[in-house]
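Q: Could you walk me through how to read a few features of this model, from strands to ligand shell?

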Amino acid sequence: MEKRIGEGDDTYRGRDGNLTVTTMDWQDPLCEAFMAGAVSLGIPRNPDYNGQIQEGVSYCQRTILNGRRVSAATAFLHPARRRPNVDVRTHAHVTGIIFEGKRAVGVRYNRGGKHGDPLEIRATKEVILSGGAYNSPQLLQLSGVGSPDLLQSHGIEVRHALPGVGEGLQDHYAPRSVARVKNIRTINEMRRGLSLWGEAIKWATTRRGLLSLSPTMVYCFWHSGETTESSDLQLTFTPASYKEGVQGQLEDEPGMTVASWQQRPESRGYVRIRSADPFAPPIIQTNYLAEEIDRRVVVAGMKLARRLLASEPLKPYFAYEDFPGPKVTSDEELLAAATQRGTTTFHPGCTCRMGPADAPWAVVDDQLRVHGMEGLRVIDASIMPRMISANLNASTLMIADKASDMIRGKTPEAAAKLPEYA
Ligand SMILES: Cc1cc2nc3c(=O)[nH]c(=O)nc-3n(C[C@H](O)[C@H](O)[C@H](O)COP(=O)(O)OP(=O)(O)OC[C@H]3O[C@@H](n4cnc5c(N)ncnc54)[C@H](O)[C@@H]3O)c2cc1C
């Protein structure tokens with residue numbers, strides 16, 4: 001059975017869709033040993049890290065319905081498509097915003113890619129950009145809204161100087177510590193041969209088992225001790241390991257992985273157009289680990305990952321540390337390993353930040369309207385002023401839900417009462 005967190009209080013229901021947040025129905029011995037290891041190090045089990053207290057260790061919460069991951073499109077867009085006033089145009093690449101003076105009145109797009117037909121669509125009320133942290137700032141810059149120096153260097157006429165557009169990019173940067181595993185099967189072996197067939201039949205008949213899961217199964221939130229902030233570290237446990245340590249292809253031999261990242265990095269990068277061609281990808285500069293404090297917290301995360309993998313409850317299954325490996329011990333060596341094998345966690349944000357009009361970095365106001373423009377909002381992860389202490393999907397859904405009230409001029413609902421934990 002998919003277990004709902006709390007007693008339905010935490011089950012999020014969209015206006016049209018039905019997005020169910022569940023914990024795992026899977027009791028994996030390696031995950032259980034990892035969590036027991038965390039408890040042995042003083043990290044408590046936490047029934048709901050999205051509740052009042054984040055710190056602790058638990059199985060992941062996921063948006064799963066009937067054994068399938070539920071996307072925002074499935075939960076919200078597909079049900080809304082039945083309405084007569086919803087028109088979804090697919091394979092449509094927006095190439096620019098159409099302005100009349102300072103007012104956004106529509107967009108230009110190509111259907112079917114670069115060589116497709118150039119088309120336009122007009123807005124009767126407003127234009128809403130939801131292109132994500134890379135593409136929303138790119139579209140603003142292409143349309144003449146951004147840093148005058150940048151726009152002019154690409155021959156784009158400045159419609160409105162807004163130097164914060166594209167600046168301030170943040171992401172979670174994660175090195176992955178890997179151990180070889182003995183005495184138990186990991187996902188690496190289970191996705192092959194007869195095991196895989198067994199899992200496929202289980203999923204087809206019950207919508208449960210390995211194929212109903214994402215490989216990352218356990219989340220652990222804790223503090224590095226490098227800052228005064230609580231929960232400045234997130235670690236994830238995966239009873240599997242990846243070739244070259246990069247999420248993707250699984251390794252052949254048994255392995256387990258702990259990814260660790262700093263929740264609220266200070267380092268900031270940028271997204272800037274590389275040309276006036278809307279089909280050219282923008283320059284994405286993340287500047288991971290540029291700040292000293294970020295380097296210290298990431299190293300602290302790797303040390304905690306190592307202690308977790310070597311904890312007493314995991315001993316029966318722990319063969320040896322494969323990455324970074326036992327010879328890597330000093331802070332400098334750990335940092336070098338983090339730099340060598342760390343990757344994005346796919347959490348880009350903060351490139352069209354919400355803030356007051358007089359802040360030089362701010363792009364949108366508290367109603368997500370672009371400063372200095374009319375009829376133009378940005379609604380996606382780019383509006384976050386700084387990186388949040390979580391994966392971004394649920395928060396981005398929340399931003400969209402809240403923004404739908406702003407667009408309709410609805411009075412905000414009273415804050416929901418949070419469940420209390422002893
Ligand atoms: C591989 C991967 C795994 C992830 N796993 C998790 C996870 O487990 N948990 C979690 O919380 N988060 C996860 N995330 C992050 C999460 O998906 C994002 O934070 C979230 O989707 C951001 O929402 P958004 O609306 O800002 O941008 P997006 O979801 O990226 O939406 C932007 C949309 O705009 C479209 N678009 C962009 N430019 C144009 C254009 N010019 N014309 C037309 N359309 C355009 C894009 O095609 C896209 O559909 C993951 C992300 C990735 C990539």
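A: Gladly. Two strands pair if DSSP finds at least two bridges between them; helices (H or I, at least four residues) and strands (E, at least two) are DSSP runs, numbered from the N terminus. This is a predicted model, in which local features need pLDDT of at least 70 and side-chain atom pairs count only at pLDDT 80 or more, while totals for chains, interfaces and linings use all residues. Residues are numbered from 1 along each chain as its sequence is written.

Q: Which residue stands opposite Phe318 in S20?

A: Val181 does. Strand S14 (residues 176-181) runs antiparallel to S20, and 4 bridges join them.

Q: What is the order of the strands in the open sheet?

A: The 6 strands follow the order S3-S15-S16-S17-S14-S20, with antiparallel pairing. Strand S3 (56-59) and strand S20 (318-323) each pair on one side only, as the edge strands. From one strand to the next, the twist averages 20°; angles run from 0 to 180 degrees between N-to-C directions, with axes as lines fitted to C-alpha atoms, for helices over the stretch in contact.

Q: Which strands does H1 lie across?

A: Contact between two residues requires their C-beta atoms, placed from the backbone, to lie within 7 Å. H1 lies across S3, strand S15 (218-222), strand S16 (233-238) and strand S17 (255-262), at about 10° to S15. Helix H7 (residues 292-309) also packs on the sheet, touching S14, S15, S16, S17 and S20, and its direction makes about 150° with that of S17.

Q: Is Met35 buried or exposed?

A: A residue is buried if 20 or more other C-beta atoms lie within 10 Å of its own, exposed if 12 or fewer, and partly exposed in between. Met35, in helix H1 (residues 29-40), has 24 such atoms within 10 Å, so Met35 is buried. Beyond neighbours within four places in sequence, Met35 is in contact with Arg45, Val57 and Val218. Leu314 is 279 residues away along the chain, yet its C-alpha atom is 9.1 Å from that of Met35.

Q: Which residues are closest to the ligand?

A: A residue counts as near if its C-beta atom, placed from the backbone, lies within 6 Å of the molecule. Here 18 residues surround the ligand, the closest being Gly132, Asp380, Asn391, Leu392 and Asn393. Strand S6 (92-100), helix H3 (132-142) and H9 each give two or more residues to this shell, and H3 gives the most, with 4 residues.
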